[in-house]
Structure formats: structure tokens, C-alpha cells
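Please open the model in a viewer and keep the selection panel at hand.

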Amino acid sequence: MKKIGFIGAGNMATAIIKGLIAQNHTADLINVFDVSEEKRQQMQALGVVLCASGAEVTEKSDIVVLAVKPQNYAEAIEALKKAATEDKTFVSIAAGISIGYVQKALGKPCPVVRVMPNTPLLLKKGASALCPSNNISEEDKEIVYRMFAGSGVCEYITEEHMNEIIAVNGSSPAYIYLFAKAMADYAAAQGIDYDKAMNLICATLEGSAAMLRESGDSADVLIDKVSSKGGTTIAALDKLREHGFVEAIHDAMQACTDRAEQLGK
């Protein structure tokens, strides 16, 4: 069984590590480094091997997950590049960081998998987009896929669309939360208990997702099925369209993509 290392032990890395352990990847084959003493203590409780630096993680691991913020990438890679060899695979989970960026920073064409996960992965309900470099082994490609598939849904995406996909699954939970909050706030303003309203809204989101997946109907057909002519749903949809709801979503997603491109430069 290959050794997997993590540089950074934040929420996402912790969720992935817990997922690996749940899949019977023994904790003593997982190497971790984080600058935070608190996070190191949390990792110690999981039984993983704590390392003193990113370089040590890299030396001891076959697959290295770079779980640091885009702003810290250059510093993190500089600290480990001497320990990097072309037989090690690197996994990047930061927005906007390309395969080419990682390989250039390492100074060698190591295999790289670029991944865009999302925070529901913390509850094993994640949605992750993956893009492996062409020089990765089938074994490592499968290991990285299982690393994320153990905590949700995975899809392979070509790298030309990896910045755009951030708006689709990476950042999108935040705008879904905003939509749910706006609905619950309206309910509360009408005198409905906020928690009860939010419970109904969450169930509606879950049920609507299940309908999109399992009913066999397109989104347009499903909209039509709940939109009786002259009824309440049409009144709501007309108002959303009047306010440019679809255009606002598209503009927001484009802003997300633009920012990802800026971060990767």
C-alpha cells in the first residue's frame, strides 16, 4: 500500500484523511505536516505520522497532497522541491493552481492530479472534479480517484475547464447556502419559525436534487411540472426572471472563474 502525504491539515485535508482511514488505508501510512500546533494535535489523535516539514512529508510519501491555500503555494513548493522526485505524484486541491504551475514550481515533470473538491466532502457528500497529468501511472490515478470518491461523487474534467468547474461545484455551496438563507429569512419575516423553515428548505433542496438525478426529466421539464399556468410558482418565477436571476448566477460564476485565473498566475 502506498504512502500518502499531506502538506496542510485543514478541514479538507482532515476530511480526506478520515475518508482514507475509513477505506482501510492504515493511518501509519499517512504522513502529515502543518504549521499549526493545534492541527498537528488533531492529526496525532487520528494516529497518522506527523512530520517536521513539507520536505519530510515528500521524502516519506509516494503521493503528496498539497492542501495549502493558493497564496501559500509558491512558499510550500519551494520548501519541498529538493525532496521531490519524478516517481512521486502530487495532488493539488487549490483553486486556480494548474498542473503546469505545480510542475514548473517543482522544477521537474512530476505526475500531478489537479482536483477541485467542495466542503460537503466533510459529510461524505462531496462533489470533486479531477484532472490527472498524462504521465501519471494508472495505479496512482486510481488511488487519487478513490481518495475523493470515498467521500462523494467524482468526475474527470479536462484541464481547460478546471477553472470554470470551480463555479460549478467548488464555490457553489456558498451560493446555495445564500439562497436557502434568503428563503428562511423571508419565512421568519412572515412569522414562521426560522429553524422549522430551514428544515423544510433543506429537505426541499435534497428532494429537488433527487428529482434532477432520478426522475429522468430535464431541469426545464421539472420546472414546467411544478408551474401551473396562472399559479403561485409562475408568479415566483416571473419575479425571479424580472430581477435577472439567471443572469446574476451566470455573472457570479464568471466572476468565480476570473478570480481562479488570477490566483493561478
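Begin with the pair α8 and α9, where the crossing of α8 over α9 is right-handed. This is a predicted model. Select residues 172–189 for helix α8 and residues 194–214 for helix α9; the two axes approach within 9 Å and cross at roughly 140 degrees. That angle makes α8 oblique to α9, because an angle must be over 145 degrees to count as roughly antiparallel.

Next, show the side chains at this contact. From α8, display I176, A180, K181, M183, A184, D185, A187 and A188; the residues they meet in α9 are Y194, A197, M198, I201 and L205. By class, the contact of α8 with α9 comprises 11 nonpolar residues, two charged residues and no polar ones.

The C-alpha atoms of A105 and Y194 are 49 Å apart, with 89 residues separating the two along the chain. A105 lies in helix α5, residues 99–106.

Now centre the view on A105. With neighbours within four places in sequence set aside, A105 is in contact with I77 and K81.

Select helix α4 next, residues 73–80, together with α5. Their axes come within 9 Å and cross at roughly 45 degrees, and α4 and α5 are therefore oblique to each other. The crossing of α4 past α5 is right-handed. On the α4 side the contact is formed by Y73, A74, I77 and L80, and on the α5 side by Y101, V102, A105 and L106. Sorted by class, the residues of this contact are eight nonpolar, with no polar and no charged residues.

Move on to helix α1, residues 11–22. Its 12 residues reach 16 Å from the first C-alpha to the last, close to the 16 Å expected at 1.5 Å a residue. Which residues of α1 are buried? They are M12, A13, T14, A15, I16, I17, G19 and L20. To see what surrounds them, display β1 (4–7), β2 (30–33), α2 (37–46) and α6 (138–149), against which the buried residues of α1 pack.

N24 is exposed, because its relative accessible area is 61% and the cut-off for exposed is over 50%.

For the last stop, select K124. Where is K124 placed? K124 belongs to the loop between β6 (112–116) and β7 (126–132). Its phi is near 60 degrees, a positive value in a residue other than glycine. K124 counts as partly exposed, because its relative accessibility is 44%.

To finish, display N24 and K124 together. N24 is exposed, whereas K124 is partly exposed.

Terms used:
Residues numbered from 1 in each chain as written. Predicted model: local features only at pLDDT ≥ 70, side-chain atom pairs only at ≥ 80, totals over all residues. Heavy atoms only, no water. Helix = DSSP H or I, 4+ residues; strand = E, 2+ residues; numbered from the N terminus. Expected span 1.5 Å × (residues − 1). Buried < 20%, exposed > 50% of the residue type's maximum accessible area, 1.4 Å probe, protein only. Contact = heavy atoms within 4.5 Å. Axes fitted to C-alpha atoms, helices over the stretch in contact; angles between N-to-C directions. Parallel < 35°, antiparallel > 145°, perpendicular 65-115°, else oblique. Left-handed = near helix turned anticlockwise from the far one by under 90°. Nonpolar A, V, L, I, M, F, W, Y, C, P; charged D, E, K, R; others polar.
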